[in-house]
Structures are given as C-alpha cells and as structure tokens.
Amino acid sequence: EYPLHRHVSGFTSSLRTSSAEAFLPTHVDLANGLHRPHQKPAILRKISAAQQLSASEVVTHLGQTVVLASGTLSVLLHCEAVGNPKPTISWAKNGEEVKYNDRMLLQPDDSLQILAPVEADVGFYACNASNALGSDSVSIAVTLAGKPLIKASRATVINTESPAVTVDIGSTVKTIQRANVTISCQVAGVPEAKVTWFKNKVKLSSAHHLHDGLLLIANVSLSDQGLYSCKAANLRGEVTETSQLLVLEPPRPLPYLEDLTAVLSSAGTNTRSVLTSPSGTKMTVSPGSSALIGCAVDGHPTPNITWLYSGKPLSLQHHLLAAGRILQILNISDAPDGEFSCRAQNEAGSLTQKASLAIQEYQWSVDKLMACSASCGHKGVQLPQLRCLLDGAEVNISHCKEKPKPALQPIACNRRDCPSRWMVTSWSPCTRSCSGGIQMRRVTCQRLTAKGSSVPMSNEACAQVSKRPVDTQNCNRQPCVEWVATSWGQCNGPCIGPRLAVQHRQIFCQTKDGTSVSSDQCSALPRPLSTQNCWTDVCGVHWRVSLLWTVCTATCGNYGFQSRRVDCVHVPPKKPVLEHHCSWRPRPANWQRCNITPCENST
C-alpha cells in the first residue's frame with residue numbers, strides 16, 4: 001500500500017484522492033504495457049518525492065499537492081498514461097479545459113507547465129487520458145500555504161437511469177429515487193484541513209461519511225432533497241462548497257383529479273368531463289356541448305403539460321384551467337374527429353395520456369307505434385311514433401328539426417268483428433222548455449263487422465254484454481220563470497238638460513204562479529231595466545226673448561248700443577225661473593252695438 005499523505009521535498013502533501021487514485025494499477029506492465037492489445041487508458045500514479053530543481057522550479061507527478069511559495073517561478077505537472085490505442089492527454093482546471101497561453105504551456109511530453117504562478121493559478125488540475133476504449137483522470141492540487149482549497153464543480157448532473165452517481169461538491173445533482181448518490185469533497189491545504197459535512201446548515205453525523213471526503217446518500221428519497229455543504233478548515237481558515245440534491249420522479253398517472261370535480265360543479269349541466277389515460281379514454285358527448293378533459297398526473301418536479309389534438313398543437317377554441325391540467329373545449333362540434341392527448345414532462349421523463357370524444361348525433365326514430373285508433377271494426381290504424389333520439393335517449397323533438405323526417409305509413413290494426421253492442425241515436429229535443437219535458441232516442445243492438453258493415457242483432461245478444469241503455473229521459477225540469485217589474489217611481493233629481501232626471505223600479509224573478517225565486521233562475525232571460533231617465537217640469541224650460549230692442553244710445557260713432565230682455569221660463573205656464581235651469585241651452589244675446597257710422601262735422 002502507498003501512504004495517502006507524504007511530505008514531498010519539504011512541501012506538505014495533503015491531497016485527498018479517491019481510493020482508485022491511491023494505488024498504482026496492478027495490471028500495468030511498465031515495460032510491455034504499451035504492446036498489450038485493446039487496453040483502456042491508465043494514468044501512472046507516481047507517489048515518489050517531487051523534484052525541486054531549484055528554489056524557484058518545482059517538478060511533480062499526479063497525486064501530489066504543490067504548495068506555491070513566494071519565489072516559485074515554474075511548476076511542471078507530469079502526466080504519464082498507458083493504453084492501446086495510445087491515449088490522448090488533455091488538461092482541465094477546476095472542471096474546465098485549460099486555455100494555453102505564454103504562461104500556461106503544454107509540453108511535448110503532455111506535461112503542463114505554469115510559469116510565474118500567481119494566486120489565480122491555484123486550483124485542482126486534472127489530467128484526462130482517453131482512447132476508443134475508455135478514459136482515466138487524476139488530479140493534482142496547486143495551492144498556497146494558507147486556508148484550504150476544495151475541488152469544486154459547477155456542473156449540473158441529471159441521472160434518470162443509473163442506480164448510482166458520483167459528483168464533485170458544488171455540482172447540482174438531479175436524480176431519480178432509490179439511487180445511491182456520492183458527493184466527493186477533494187481538499188488540499190497546508191496545514192491539513194478537516195472536513196465537515198452539513199445538510200441544510202445542520203451538521204451530519206459520522207454515519208453518513210465515507211473515507212477520503214466522500215459523502216454517501218443511499219437509496220435516495222424525496223426526504224433527502226436539500227443543500228449539502230462540505231466545510232474544509234485548518235489553522236489558516238476555512239472554505240465551504242455546497243451541492244444541491246434534487247430528487248426526480250417521472251410523471252405517473254393518477255386515478256383522479258380534484259380540480260376537475262371543482263370546475264365541473266360550476267360549469268353547468270351541458271358540460272361533460274373525462275380523464276385522459278395512457279391507454280386512451282373514450283367519451284360520447286352531445287353536439288354543441290362543452291367538455292372538460294383532465295390530465296391527472298404527478299411527478300417531481302411538477303411536470304409541464306402540453307395539449308395536442310390529433311398530434312398537433314391546439315387550434316380550436318379552448319381554455320386551459322388548473323395550471324394547464326384541465327382542457328376546456330367550448331364547443332365540441334369544432335372537434336368532430338381526432339384524439340386529444342396531454343404530454344406531461346419533467347427532467348425525469350415524460351408521459352403521454354389520451355382521450356377521444358365521440359359526438360353523438362340526433363336522429364329520428366320510428367321504432368314505436370301509437371295505440372290503435374279502434375279496438376275492432378274496419379277503421380283501426382296505428383301510426384309510428386316519431387321521436388328524436390340522442391344516444392338512445394329521447395330528447396326534445398326540436399333537436400332533429402334539421403334532419404329530414406322519415407315517411408310515416410299507417411298500419412292497419414284490430415281489423416276484426418266487434419262484439420254485439422247497443423247503438424243509440426241522439427236525444428230528441430225536449431218536449432217542454434221548462435217545468436219538465438221528455439226526450440227520446442232509438443236503442444238497437446248491432447254488430448260492426450271487420451268489413452265495416454253494421455249487422456242488426458237481437459236485444460238478447462247485447463244484453464249479455466251490457467245493460468240496455470234507456471230510450472226516454474226527463475228534461476228541462478226547472479220551473480218556468482219570468483222577470484216581473486213594478487211601476488216606475490217618481491221622477492227625481494235636478495235637470496240640467498233634457499231627460500237627465502232619473503226614476504227607478506224593482507225587478508223580480510218569479511214563477512208563473514207568482515212565487516219569487518232567486519234571480520239566478522232568470523239569468524237566461526233578458527232582464528228589464530230598473531232605472532231610466534225621465535222628464536220633469538224643471539226640465540221643461542226655454543229662453544224667452546223680447547222682440548223689441550231699446551233705442552240706440554248714439555246716432556253715430558263707435559259707441560252706440562241697445563239691449564233687449566232675455567228670460568228663462570217654463571214652457572206651458574211661461575213662469576220665469578232662475579237662469580241656471582236654462583243653462584243647458586245656448587243663451588240668446590241681450591245687447592248689441594248700433595248706429596256704427598261716422599259722425600259728420602257741423603258747419
């Protein structure tokens with residue numbers, strides 16, 4: 001065994017390597033190894049003391065730690081590898097390819113030389129050897145005497161298949177559940193640094209540790225997610241690097257989707273819902289209705305969902321609800337054929353689920369017949385019952401109005417002789433309009449044949465089936481009544497016009513023998529008037545006008561007038577009364593102008 005830590009040429013070596021880097025490859029034959037066929041690359045780990053050619057020049061092999069001093073002018077890093085085909089050598093610093101320049105030189109023997117090293121050159125240098133059969137890599141630390149140096153990576157590693165994955169501290173690890181994750185914290189420092197591990201800033205117990213700065217997280221689950229930190233500390237200081245572990249769970253189908261139930265409850269009765277499934281789900285819907293299609297999936301991180309129709313992006317009118325997990329088709333008639341699919345995808349994988357909608361069509365149905373119009377005889381027919389169906393269920397007939405109606409052919413039914421039965425004619429008019437009369441009709445026993453003829457039968461044939469109907473009945477049994485009126489009463493009331501006074505009388509309903517009965521019994525008779533206008537002496541008035549005008553008050557000019565007498569008087573006695581009794585007649589004028597002529601001047 002080779003020691004893990006050695007003092008090299010007076011420089012402290014505290015490089016932590018993996019177990020694979022701690023030993024020389026036992027299968028490598030230094031003399032004949034290059035001649036072996038089909039050999040993967042192997043870098044030779046030489047743990048011998050580094051050579052210090054002078055105070056300013058350091059030469060070392062891989063597996064060592066180089067501590068730069070203030071007078072160091074050159075550092076030469078050797079890398080020797082064997083393999084067949086011959087391996088190609090490349091260098092990387094802190095996980096990134098070395099960019100060669102006038103200070104960073106690649107020598108012909110694939111060694112890396114750093115001239116006039118400065119603090120920016122501090123880091124982990126990895127020699128990578130590769131050929132068609134594989135690759136090998138070994139690191140060497142170049143550091144200053146002081147606080148520790150951690151080999152860190154800024155890579156993002158995504159593991160969706162492998163049962164185990166190893167990364168450098170500083171990486172972001174995304175892995176499936178139940179994988180084993182190893183985080184490597186390779187530390188260099190003078191003096192030697194102590195490594196401590198933390199999860200989410202809480203120190204981890206030694207049970208989580210492996211040797212040489214490795215942390216194993218076995219059988220990873222969601223509870224293992226978090227930030228894992230490696231702290232390297234010595235007397236000169238400390239440094240911390242952190243890796244984030246994210247646990248991936250590929251999308252998987254769920255048996256239900258709570259959001260779909262909530263959305264459906266507020267969508268109305270004309271909306272149907274269906275969940276997609278990996279094998280495909282089918283649902284029939286009514287024309288013109290809307291549909292909710294749910295994509296019930298789970299995964300970590302939450303999958304992104306993409307909807308397709310017949311394998312292409314959606315072009316029909318739609319809404320995406322519940323963060324894209326529900327597709328609402330506003331009018332399913334826009335998608336008569338085809339398949340809807342939702343593709344759920346996250347970093348762990350993808351899942352496609354499908355659903356297809358079949359549009360039901362309204363159609364006429366004549367599969368049922370109406371009841372026969374007759375139980376016997378020659379006229380019985382049945383008409384097909386025209387119904388509008390949707391998926392076998394009867395709906396309002398208006399839904400089928402756009403479709404042509406099928407021809408309805410009547411079907412003969414119950415065409416057989418009828419049993420003997422009583423036939424009756426209509427009742428004759430009543431012999432009296434009141435106080436009791438008689439009506440009569442003819443009753444015969446007949447049988448209607450299937451050919452439509454009526455055959456007379458004996459009364460006994462019908463009596464066996466039913467009782468003979470009566471042929472005589474009483475009618476108009478109500479008493480004979482009439483309206484009776486009393487004499488008109490006195491003419492009363494003021495008269496402001498002709499016949500505006502009123503007189504009354506009483507109207508009674510009574511029988512012919514003078515018995516008063518309820519007015520309702522006379523309601524079928526025209527009722528006489530109980531009130532009418534009448535004429536009184538007060539109404540017999542008129543204007544009486546004097547035939548003579550008075551002498552004109554002037555012989556000329558504009559101011560002459562004359563008058564006459566106008567009185568309101570009774571017609572027969574011509575007795576004057578107050579003028580308002582005649583107010584319903586136009587009042588004649590009782591004055592007028594006269595002698596309206598210019599007056600001549602006297603000389």
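## Basis

The model is predicted: local features need pLDDT of at least 70, side-chain atom pairs count only at pLDDT 80 or more, and totals for chains, interfaces and linings use all residues. Residues are numbered from 1 along each chain as its sequence is written, and side-chain values use heavy atoms, with hydrogens and water left out.

The structure holds 13 salt bridges. The term means a side-chain nitrogen of Lys or Arg within 4 Å of a carboxyl oxygen of Asp or Glu. Side chains of opposite charge can pair when their charged atoms come close.

One of these bridges joins Glu249 and Arg252. Their closest N and O atoms are 3.1 Å apart. Glu249 is buried, at 17% relative accessible area. Arg252 is partly exposed, at 36%. Here buried means under 20% relative accessible area, exposed means over 50%, and partly exposed lies in between (1.4 Å probe, protein chains only). Asp298 joins the group as well: Glu249, Arg252 and Asp298 are linked in a network of salt bridges.

## Salt bridges of Asp567

Asp567 forms a salt bridge with Arg544, with the closest N and O atoms 4.0 Å apart. This pair links distant parts of the chain, 23 residues apart. Arg544 sits in strand β50 (residues 541-545), and Asp567 in strand β52 (residues 566-570). Strands are DSSP runs (E, at least two residues), as helices are (H or I, at least four), numbered from the N terminus.

Asp567 also meets the side chain of Arg565 in a salt bridge, at 2.7 Å from N to O. Asp567 is buried, with 15% relative accessibility. Arg544 is partly exposed, with 33%. Arg565 is exposed, with 57%.

## Strand β7

Strand β7 (residues 74-78) is mostly covered, with 5 of its 5 residues buried. In a regular strand the side chains alternate between the two faces of the sheet. Both faces of β7 are covered. Ser74, Leu76 and His78 are buried on one side, and Val75 and Leu77 are buried on the other.

β7 pairs with strand β5 (residues 57-61) in the parallel sense, over 5 bridges. Pairing requires that DSSP finds at least two bridges between the two strands. In this pairing, His78 in β7 stands opposite His61. β7 also pairs with strand β12 (residues 112-115), over 4 bridges in the antiparallel sense. There, Gln113 in β12 is the bridge partner of Leu76.

## Cis peptide bonds

The peptide bond from Asn84 to Pro85 is cis, with omega near 5 degrees. Pro85 is placed in the loop between β8 (81-84) and β9 (88-93).

His300 and Pro301 are also joined by a cis peptide bond. Its omega is about -5 degrees. Pro301 lies in the loop between β29 (297-300) and β30 (304-309).

## Positive phi

Ala323 is not a glycine, yet its phi is positive, at about 55 degrees. Ala323 is found in the loop between β32 (318-321) and β33 (326-329). At 79% relative accessibility, Ala323 is exposed.

Asn476 also has a positive phi without being a glycine; the value is about 45 degrees. Asn476 lies in the loop between β45 (472-475) and β46 (481-485). Asn476 is partly exposed, with a relative accessible area of 30%.
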